[in-house]
Amino acid sequence: MQFTLFDTSSETFIMSVKSVSVHAKWIVGKVIGTKMQKTAKVRVTRLVLDQYLLKYYNKRKTYFAHDPLEQCTVGDVVLLKALPERRAKHVTHELAEIVYKVGNVIDPLTGKQVAGSLFRETLTDSMENPAGSLTEKLQELNISATSEILQKPSEV
Amino acid sequence: MPMKGRYPIRRTLEYLQKGDIVFKNTVKIMTVNYNTHGELSDGARKFVFFNIPQIQYKNPWVQVMMFKNVTPAPFLKFYLDDGDQVLVDAEGKDHKDISQHVKKILGKSEEVLQAEELARMVHSNPANFGPKKYCLRECMCEVEGQVPCPGLIPLPNEMRGKYKSQMKGTEV
């Protein structure tokens, strides 16, 4: 199915073939299953208006996304991009980006690791090169002890 | 009999149609991260409570997702068609400030909206008769002051072809 479109922003004719397999080009969803090889099952929620109550409720839909490196785990929040052509009978999207990795959420404002409403401070200061720092400290102590042996009692 | 719930005005068509923000065509996904407790998230919480239904009503093809208690600071994130992402900080802001800011950066301007409405009006001519989906009226019998539908009220004999042919037959 081919039809011409006039793009008002660039003022050119675009020949668009029905190449996009699905209506939704970008979606965000939560991974619910990774038991398939190189495929992630993603649940996408959209707000749908209840006609009588006039209130919005989440409506779920599952999509299958191609994940070549198998980097998704169950519970990740994931951004999917529509594939130009349908890859398999059900696989229509591919993994574009893991937005929030489960257990390792990184706050986009600060760039630090976060858990709920608290910051997770990683123990980097005390774990950096323990052996190297100890030997250096010992050498420093020796030097200081020999130089100040007459002046002050050496502090260990 | 009053409506149920707190602020049930949010559930009226008039309120939904009064939404300001119509997103540009490139915006595909909107994500709101906020916390359920804490004063800093208060603006974001009110934004979700009052403005999200209006936004979703005006932009039915944008996916709106809410995340609660994921990060300490509240923010909004927009995913555009080219792969661009827009991050809007909402910490400590009032819900009106947030909605005005979003309208300014990603909403269609007044001129664009009016131009679109004009185009729609030009496209649909109210003088046409046709299916309800495309035109206002289907048949002339619906208009006041015109001959009513013969399905409801029988036509006078002068206008009925059957009667006229019968009279012609008997006369001649």
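Let's start in chain A of this predicted model, where three strands form an open sheet in the order 8-9-10, paired in the antiparallel sense. Strand 8 (105–106) and strand 10 (118–119) of chain A sit at the edges with a single partner strand each, so one side of each has no neighbour in the sheet. As a reminder, strands of a sheet pair through backbone hydrogen bonds, either parallel or antiparallel. Strand 9 (residues 113–115) of chain A is joined to strand 10 of chain A by two bridges, antiparallel again. If you want a spot to look at, take A:Val114, whose bridge partner in strand 10 of chain A is A:Phe119.

Now over to chain B. It has five helices and four strands, and reading along the sequence gives you α-β-α-β-β-β-α-α-α. How does the radius of gyration of chain B sit against that of a compact globule of 172 residues? The globule would come out near 16 Å, while chain B has 27 Å. The box tells you about the outline too: along the principal axes, the C-alpha atoms of chain B fill roughly 95 × 45 × 25 Å. Of the 172 residues in chain B, 33% count as buried. Chain B exposes about 11500 Å², and carbon and sulfur atoms supply 56% of that. As for contacts in chain B with a separation of 6 or more, 60% of them come from residues 24 or more positions apart.

Next, the interior. In soluble globular proteins, nonpolar side chains tend to be buried together. The largest nonpolar core here has 26 residues, and the members touching the most others are B:Phe23, B:Met30, B:Ile52, B:Leu76 and B:Phe78. Which elements give two or more residues to this core? From chain A there is strand 4 (39–49), and from chain B there are strand 1 (27–34), helix 2 (42–58), strand 3 (75–80) and helix 3 (95–106). Helix 2 of chain B gives the largest share, five residues. Apart from this core lies another one, of 14 residues, with A:Val77, A:Leu79, A:Val105 and B:Val70 among them.

Zoom in on B:Phe78 for a moment. Leaving out residues up to four places away in sequence, B:Phe78 touches a list of residues including B:Phe23, B:Val27, B:Ile29 and B:Met30, as well as B:Val86, B:Val88, B:Val102 and B:Leu106.

What about the contact between the chains? Chain B brings 34 residues to it and chain A brings 28 residues. The area buried between chain B and chain A is about 2500 Å², with carbon and sulfur atoms giving 68% of it. On the chain B side, B:Arg11, B:Gln63 and B:Pro72 lose the most area to chain A, together 22% of what that side buries.

Two last stops, both in chain B. B:Glu91 lies in the loop between strand 4 (85–89) and helix 3 of chain B, and its relative accessibility of 34% makes it partly exposed. B:Glu91 touches B:Leu40, B:Ala73 and B:Pro74, again not counting residues up to four places away in sequence. B:Leu40 is 51 residues away along the chain, yet the C-alpha atoms of B:Glu91 and B:Leu40 are separated by 5.4 Å. B:Val112, in helix 4 (residues 110–123) of chain B, is partly exposed as well, with a relative accessible area of 37%.

Note on methods: Residues numbered from 1 in each chain as written. Chains lettered and ligands numbered in written order. Predicted model: local features only at pLDDT ≥ 70, side-chain atom pairs only at ≥ 80, totals over all residues. Heavy atoms only, no water. Core = buried A, V, L, I, M, F, W, Y, C linked by side-chain atoms within 4.5 Å. Buried < 20%, exposed > 50% of the residue type's maximum accessible area, 1.4 Å probe, protein only. Contact = heavy atoms within 4.5 Å. Pairing = 2+ DSSP bridges. Rg over C-alpha atoms; globule rule 2.2 N^0.38 Å. Areas by Shrake-Rupley, 256 points an atom, 1.4 Å probe, with all protein chains shown as cover. Buried area = accessible area lost by both parts, 1.4 Å probe.
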